[in-house]
Amino acid sequence: MDKTVNQKAWFLVLPVFLVVAFSAVLPLMTVVNYSMQDTFGNNQFFWNGVGWFKELLDPSTDLGGRFLASLGRNLFFSLVILAIEVPLGIVIALSMPRQGWTVAACLVILALPLLIPWNVVGTIWQIFGRPDIGLMGYVLNHIGLDYNYVSNDIDAWVTVIVMDVWHWTSLVALLCYAGLKSIPEAYYQAAQIDGASRWAVFKAIQLPKMNRVLLIAVLLRFMDSFMIYTEPFVVTGGGPGNSTTFVSIELVKIALGQFDLGKAAALSLVYNLIILIVCWIFYTVMTNAGAERKPQEGAA
Amino acid sequence: MARIDLVDLAHSYGGNDAPQDSFALKPVTMTWRQGGAYALLGPSGCGKTTLLNVISGIITPSRGKILFDGQDITPLSTQKRNIAQVFQFPVIYDTMTVGQNLAFPLKNRGVPKAEIDKRVAEIGRLLDLEPYLNRKATRLTADAKQKISLGRGLVRSDVAAVLFDEPLTVIDPELKWQLRSKLKALHRELDLTMIYVTHDQTEALTFADTVVVMHDGRVVQSGTPAELFDKPAHTFVGYFIGSPGMNIIPAEVRGREAHIDGHVIALNRAYDKLPAGAKIEIGVRPEFVEVVAPGPGLLTAKIERIDDLGRIRFARTRLGEAKLAARAPAGFTSSDGNAGLKLDPSHIHVYADSLLVEGAA
């Protein structure tokens, strides 16, 4: 069969090339360029090769120390909020009504925190937690708890975590609820006939059927919490000290605070790479899990 | 192992105060023999699944009682009744192996491990699932999954009845026969009461020794396949069972004669006490009507087409307003599209308001 050669298609593809080049490739290349150089202002740049990357991975330098410490804080933060939000989301989804007008009411209430912009959430909790005028801060201090997120590391962490749980548990709950709703009634009836307890129903039917949505929930929440910036920045500004300085906050400090464009560019490239790798791992795991579930033909 | 009695049982999704016409299941009193193979046959929405779910306890009936061996179990939950149910779509526990699936009902009831292993091995052998016991159940085909669903019911030694809710819907046609004969064999071997819901008459007639036909929430007839064929108690049974279904023709019946379209048809029995004002029809199966050349004393019908089913030919004819199917003997042809109809008087039934009327000898 002869293929018709027609070069006109290039005209259709060209606009996309241009848009992608200007929106993604060129800015990224600029960052790569910066990451290889050092600047002392006045738009003067000096070649530094892979020097910044070496420093980044070396905890004994200032840059490496700050990066690795904030990376550790970030991973710990993601781990903690996943450990809270996933089980809590499942519990909420399980206790939601399955029919009637209460379903719509629950969905609306759950969706509310998701609709609030990040910096508004930050502002809400910043005020809510203040010991002098904030409702939570005032009440906690009033009943004898010495709570002050501005001066106490642990209080700051608790505030940031509770804020994230408040903001995002709904997402996990809604995803799980969708997963639960897709389970046919016959499964519950069969389990009833098989004499299954509530726990056995959860373990044998509900959890396996929620498998896929849970993976999506974990992926979304991990990515989001790993890239978190606005909320802790508004509430604690990364403090007290550096105790709630996550990678993105550190990045902004270096780039805009110190105007160390080279260091910041190197950091953001590594940061980007980590997220890409984690994304790829999740994606592979998820697609493999899907393939495994396809029934094998001729098995019986 | 149990006899199941339904006593004035009815169910309405709208509560008992709803008009009885709207009941999903109209009042029924009947007995299911211990060890019987029953089929609940009827079109979609006739209430057969409701009846099944009432027996299994998934639905609590709004009226009446269910007795297992004379014991009232109406208020008992599904878990406490000793029934097994196989659903339309296979229900298997994804994360478990076939063996763990079979063991699940016993584990939930706290049966000792040794006993569980013994029962699982036994049921695995019975259902030809032995090679798969250690494999993940999700990877099996639909018919194997249905066998697992059935196995979870059979694995309990105390099971009183096995209920099937159109279990072959998702099975490939050639496997349907295999699985159905497997059920039949199991029934003979295990002496269990089996109730099989279906809308497919072939499935019902081949599986069951008693077929219960339901129509519009009501049990209209319960009998052996032969009884349903020879003596349908309701015109619905007549045309629902058999292919093509029974011919139902409006007629005027007096004594031993039926008048159709000005023609007189002799009846074998006398019908003198027909209810006044009732809609009177006669029913005769196509197998007992023969198309012949038109002649004196015969009903004359117009032939619309002749269906050749290979083994047998059926002529589709029109008799006034009524449609009528009849056997066309080998070599029968009609030059002008007209034919005479010869009805076998011993197989003509008379129906008043759709219900069979027994004539006097």
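A: The account below begins with the chain, turns to the helix pair, and ends with the contact between the chains. The model is a predicted one.

Chain A is built from twelve helices and two strands. Read from the N terminus, its order is α-β-β-α-α-α-α-α-α-α-α-α-α-α. The radius of gyration of chain A is 25 Å, whereas the globule rule gives 19 Å for 300 residues, so chain A is more spread out than a compact globule. Along the principal axes, its C-alpha atoms occupy a box of roughly 85 × 75 × 35 Å. Buried residues make up 28% of the 300 residues of chain A. Among the contacts of chain A with a separation of 6 or more, 66% involve residues 24 or more positions apart.

The helix pair itself comes next. Two packed helices are described by the angle between their axes and the distance between the axes. For α3 (residues 62–95) and α9 of chain A, the angle is about 145 degrees and the axes are 9 Å apart. The crossing of α3(A) with α9(A) is right-handed. On the side of α3(A), the residues that meet the partner helix are A:N74, A:F77, A:S78, A:I81, A:L82, A:E85, A:V86 and A:G89. The residues they meet in α9(A) are A:L214, A:A217, A:V218, A:R221, A:F222, A:S225 and A:F226. By class, this contact comprises nine nonpolar, four polar and two charged residues.

Helix α9(A) also has a part in the contact between the chains. That contact draws 20 residues from chain A and 26 residues from chain B. On the side of chain A that touches chain B, α8 (185–193) and α9 (198–226) each contribute at least two residues. The largest share of that side, six residues, is supplied by α8(A). Sorted by class, the side of chain A that touches chain B holds 13 nonpolar, five polar and two charged residues.

Chain B contains eight helices and 21 strands. Its C-alpha atoms fill a box of roughly 80 × 50 × 35 Å along the principal axes. Of its 361 residues, 43% count as buried. For contacts in chain B between residues at least 6 apart in sequence, 67% link residues at least 24 apart.

In brief, α9(A) packs against α3(A) with axes 9 Å apart, and α9(A) also supplies at least two residues to the side of chain A that touches chain B.

Key. Residues numbered from 1 in each chain as written. Chains lettered and ligands numbered in written order. Predicted model: local features only at pLDDT ≥ 70, side-chain atom pairs only at ≥ 80, totals over all residues. Contact = placed C-beta atoms within 7 Å. Helix = DSSP H or I, 4+ residues; strand = E, 2+ residues; numbered from the N terminus. Nonpolar A, V, L, I, M, F, W, Y, C, P; charged D, E, K, R; others polar. Rg over C-alpha atoms; globule rule 2.2 N^0.38 Å. Buried ≥ 20, exposed ≤ 12 C-beta atoms within 10 Å, placed from the backbone. Axes fitted to C-alpha atoms, helices over the stretch in contact; angles between N-to-C directions. Left-handed = near helix turned anticlockwise from the far one by under 90°.
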